[in-house]
Amino acid sequence: MADVDKKMLTQFLLRMGDNTLILGHRVSEWCGHAPVLEEDIALANTALDLIGQTQFWLGYAAEIMGDSKTADDVAFLRDVWDFRNLLLLELPNGDFGQTLMRQFLFDAYQSILLPRLMKSSDQHIAEIAEKSSKEVAYHVERSAETVVGLGDGTEESHARMQAALDRLWPYVGEMFSSDEVDAAMAAAGIAPDPATLREEYDALIGKVLAEATLSIPDSDFTHKGGRNGATHTEHLGHLLTQMQWLQRAYPGVTW
Amino acid sequence: MSKEWPLWEIFIRGQHGLSHRHVGSLHAPNAEMAIKNARDVYTRRNEGVSIWVVEANNISASSPSEKGPLYEPSESKIYRHPTFFDIPDEVGHM
């Protein structure tokens, strides 16, 4: 482990793991509901990939927290104010187009962040990033292609994708709003300051969204409060009541 | 134009050295998405190293109603099986 404040490192790991946990749960909500069978199973695969990545991130966080905590404890026994995921990822799914737009906006971010993390001074983080990056490379290819297909599709699909982008755009800036945790990670060579990823991100999504004939809203306004836990949306609590129900109703139950 | 995506037949090679085998079919808007869908539907349990997709209407098939004329004539031609040769012991397993 790199020489860094453990509380800061834990915060960083919670941000990584809560992102994949909350999005994984949201995507899993499509299981059995997607518009076609092929998309249904593809979304379920994506959700499972994300939950798998969560086990690594939160498992490492639990290890640092001590008290023989496990990834499950961290996922199922914290409350809303302890979560550190981006607000974007806790928003309700909306229609299929909005779900895929959110997926693309996040996949693009991960596809830029993870290769940087593969060079982390923390060996364990580098290994998690390496394993996750293969899954993310597929996710971003798939979500980008779907965004292009729907954006540059019929009049209705185009309108829905533009509406999805307009709705989600104010949540994109939070990915890059760095704070003292990011500064500590950057100083220790553990992770890049996310603000330094913006240019590459804008280039990537700009290319795909242009191909999708969609217009990026002309606004820098950004909702914040997820990755630092200051103010989550009202939606996260509702999500947790479902996700954590079993462990709350039957503490410690196993099968 | 039909609103349904076309049907694709999916062929997957399980290991290097084996041939592609038909595993099923699925719908997709184009060949690239058909490969992605095939990856997600048919290789979830590590089944493949290569995927072929063919749009179903590009496959010409024999008709089941013609199976008499097509296949029955060969039933009586047992001499087409190479079972009438004596294999010398020295050859071992062929």
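**View 1. Where chain A meets chain B.** In this close-up, 8 residues of chain A are in contact with 11 residues of chain B, contact meaning that the C-beta atoms of two residues, placed from the backbone, lie within 7 Å. This is a predicted model, in which local features need pLDDT of at least 70 and side-chain atom pairs count only at pLDDT 80 or more, while totals for chains, interfaces and linings use all residues. Residues are numbered from 1 along each chain as its sequence is written, and chains are lettered from A and ligands numbered from 1 in the order in which they are written. On the side of chain A that touches chain B, α2 (37-65) and α6 (123-151) each supply at least two residues; helices (H or I, at least four residues) and strands (E, at least two) are DSSP runs, numbered from the N terminus. With 4 residues, α2(A) gives the largest share of that side. Sorted by class, the side of chain A that touches chain B holds 3 nonpolar, 2 polar and 3 charged residues. Here Ala, Val, Leu, Ile, Met, Phe, Trp, Tyr, Cys and Pro count as nonpolar, Asp, Glu, Lys and Arg as charged, and the others, Gly among them, as polar.

**View 2. The crossing of α1(A) and α8(A).** The axes of α1 (residues 6-28) and α8 (residues 180-187) of chain A come within 9 Å and cross at roughly 105°. Axes are lines fitted to C-alpha atoms, for helices over the stretch in contact, and angles run from 0 to 180 degrees between N-to-C directions. α1(A) and α8(A) are therefore roughly perpendicular to each other, a label given to angles of 65 to 115 degrees. Met8(A), Gln11(A) and Phe12(A) of α1(A) meet Val181(A), Ala184(A) and Met185(A) of α8(A). This contact of α1(A) with α8(A) has 5 nonpolar, 1 polar and no charged residues. Val181(A) counts as buried, with 21 C-beta neighbours inside 10 Å; a residue is buried if 20 or more other C-beta atoms, placed from the backbone, lie within 10 Å of its own, exposed if 12 or fewer, and partly exposed in between.

View 3. Look for Leu236(A), Leu239(A) and Leu240(A), which are buried in helix α10 (residues 234-243) of chain A. Seen down the axis of α10(A), its buried residues fall within an arc of 100°, so they line one face of the helix; the arc is that of the directions from the helix axis to the C-beta atoms. They pack against α1 and α4 (87-90) of chain A. On the other side of α10(A), Glu234(A), Thr241(A) and Gln242(A) are exposed.

**View 4. The largest nonpolar core.** Among its 64 residues, Leu88(A) and Leu105(A) touch the most other members. A nonpolar core is a set of buried Ala, Val, Leu, Ile, Met, Phe, Trp, Tyr and Cys residues joined through C-beta atoms within 7 Å. Helix α5 (residues 96-117) of chain A provides the largest share of this core, 12 residues. Another core, of 10 residues, lies apart from it and includes Trp8(B), Leu26(B), Met33(B) and Ile51(B).

**View 5. Two loop residues with positive phi.** Most residues other than glycine have a negative phi. Asp67(A), although not a glycine, has a positive phi of about 55°, and its place is in the loop between α2 and α3 (71-76) of chain A. Asp67(A) is exposed, with 6 other C-beta atoms within 10 Å. Asn46(B), not a glycine either, has a positive phi of about 65° and lies in the loop between α1 (31-42) and β3 (50-55) of chain B. Asn46(B) counts as exposed, with 7 C-beta neighbours inside 10 Å.

Notes
Angles under 35 degrees count as roughly parallel, over 145 as roughly antiparallel, 65 to 115 as roughly perpendicular and the rest as oblique.
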